[in-house]
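Here is a friendly briefing to read alongside the model. Have the sequence and the 3D view open as you go through the points.

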Amino acid sequence: PGKIDPGFRADLRAMLMAAAAREGIGATADRTAATGAQPTPRQLTSRRLRTRGIIVLGVAVGAITVSGISAGSEDALPGDAFYVVKRQTERAQLALASDAERARLHLEFAGTRLFEARAMQDDPQTVAALLDDMDAQTREAVRLLSALALHGGDAALLDPLTTFVANQRQQLTTMLSDTQNDRVSTSLALLDLVDARVDAVRAALACGAVPSEEADMLGPVPTDC
């Protein structure tokens, strides 16, 4: 476990070298300079961001593909050696997914953050950070699924949110305590907002309301019937 396949190593290197050639780093940057063509500051910034994103994605995809490492990181908790690999793997999965699949992954990862938070209850600071991530992933899932449901006219796309909210609420309630009550209550309040949004989207779809252009932290705001 952990040994990198030589073929994968070669493919990953080829991908990163192609990114370097496209974005103008290394030898290609030198050739650009030799022509006398000076990129603008905006072009330089954009180039750096694109190149960084390609490299990060390449490393994350590598984390998924490396034999044994990704599977071995699934149960890692904050502070464990493989926890960074676990989070990189999640980012790579999100980057390669469609909107519907990305929404499903966000719900899955939000559930994972809650599992981790429950396992780390002796560390309030880590718990708070995990719940922050969990809430962000929850909001992104709601945003994606609400948009897909409203624009596709398919209320069934909201069903995973209903199940997710029920499960998360049950587990979060067990974490209420004198030391973490406020932070956990914040996440519970978000689940109440998600429930209300799902009901509003279902109602809008049932009466054929036209999707509005207004949006908030949970995505498109459904219009009243």
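H6 passes H7 in a left-handed crossing. Keep in mind that this is a predicted model.

**H6 against H7**
- Helix H6 covers residues 99-119 and helix H7 covers residues 124-152; their axes come within 8 Å and cross at roughly 160 degrees.
- Because of that angle, H6 counts as roughly antiparallel to H7.
- On the H6 side, the contact is made by Asp 99, Ala 100, Arg 102, Ala 103, His 106, Leu 107, Phe 109, Ala 110, Arg 113, Leu 114, Glu 116 and Ala 117.
- Facing them from H7 are Val 127, Leu 130, Leu 131, Asp 133, Met 134, Gln 137, Thr 138, Glu 140, Ala 141, Leu 144, Leu 145 and Leu 148.
- Sorted by class, the contact of H6 with H7 has 15 nonpolar, three polar and six charged residues.

**H8 against H9**
- The axes of helix H8 (residues 159-173) and helix H9 (residues 181-206) come within 10 Å, crossing at roughly 160 degrees.
- H8 is therefore roughly antiparallel to H9.
- The crossing of H8 and H9 is left-handed.
- H8 residues that take part include Leu 161, Thr 162, Phe 164, Val 165 and Leu 172, and among their H9 partners are Val 184, Leu 188, Leu 191, Val 194 and Val 198.
- This contact of H8 with H9 has nine nonpolar, four polar and five charged residues.

**H7 against H9**
- H7 and H9 have axes that come within 11 Å and cross at roughly 5 degrees.
- An angle under 35 degrees counts as roughly parallel, so H7 and H9 are roughly parallel to each other.
- From H7, the residues in contact include Leu 131, Met 134, Thr 138, Val 142 and Leu 150, while H9 contributes, among others, Val 184, Leu 190, Val 194, Val 201 and Leu 205.
- By class, H7 and H9 meet through twelve nonpolar, three polar and five charged residues.

- In soluble globular proteins, nonpolar side chains tend to be buried together.
- Here, the largest nonpolar core has 35 residues, and Leu 131, Leu 161, Leu 172, Met 175 and Val 194 touch the most other members.
- H6, H7, H8 and H9 are the elements that give two or more residues to this core.
- H7 gives the most, with ten residues.
- Leaving out residues up to four places away in sequence, Val 194 touches Thr 138, Val 142, Val 165 and Leu 218.

**Residues worth a click**
- Thr 162 has its place in helix H8.
- Is Thr 162 buried or partly exposed? Its relative accessible area is 38%, so Thr 162 is partly exposed.
- Beyond residues up to four places away in sequence, Thr 162 touches Val 198 and Arg 202.
- Thr 162 and Leu 191 are 29 residues apart in sequence, and their C-alpha atoms are 9.8 Å apart in space.
- Arg 87 lies in helix H5, which spans residues 83-95.
- Arg 87 counts as buried because its relative accessibility is 14%, and buried means under 20%.
- Which residues does Arg 87 touch, not counting residues up to four places away in sequence? They are Arg 113 and Asp 133.
- Ser 212 is found in the loop between H9 and strand E1 (215-216).
- Apart from its neighbours within four places in sequence, Ser 212 is in contact with Val 221 and Thr 223.
- Ser 212 and Leu 150 are 62 residues apart in sequence and 9.4 Å apart in space, C-alpha to C-alpha.

**The whole chain**
- Along the sequence, the pattern reads α-α-α-α-α-α-α-α-α-β-β.
- The protein has 225 residues, of which 35% count as buried.
- Among contacts with a separation of 6 or more, 64% are between residues 24 or more positions apart.

Methods:
Residues numbered from 1 in each chain as written. Predicted model: local features only at pLDDT ≥ 70, side-chain atom pairs only at ≥ 80, totals over all residues. Heavy atoms only, no water. Axes fitted to C-alpha atoms, helices over the stretch in contact; angles between N-to-C directions. Helix = DSSP H or I, 4+ residues; strand = E, 2+ residues; numbered from the N terminus. Parallel < 35°, antiparallel > 145°, perpendicular 65-115°, else oblique. Left-handed = near helix turned anticlockwise from the far one by under 90°. Contact = heavy atoms within 4.5 Å. Nonpolar A, V, L, I, M, F, W, Y, C, P; charged D, E, K, R; others polar. Buried < 20%, exposed > 50% of the residue type's maximum accessible area, 1.4 Å probe, protein only. Core = buried A, V, L, I, M, F, W, Y, C linked by side-chain atoms within 4.5 Å.
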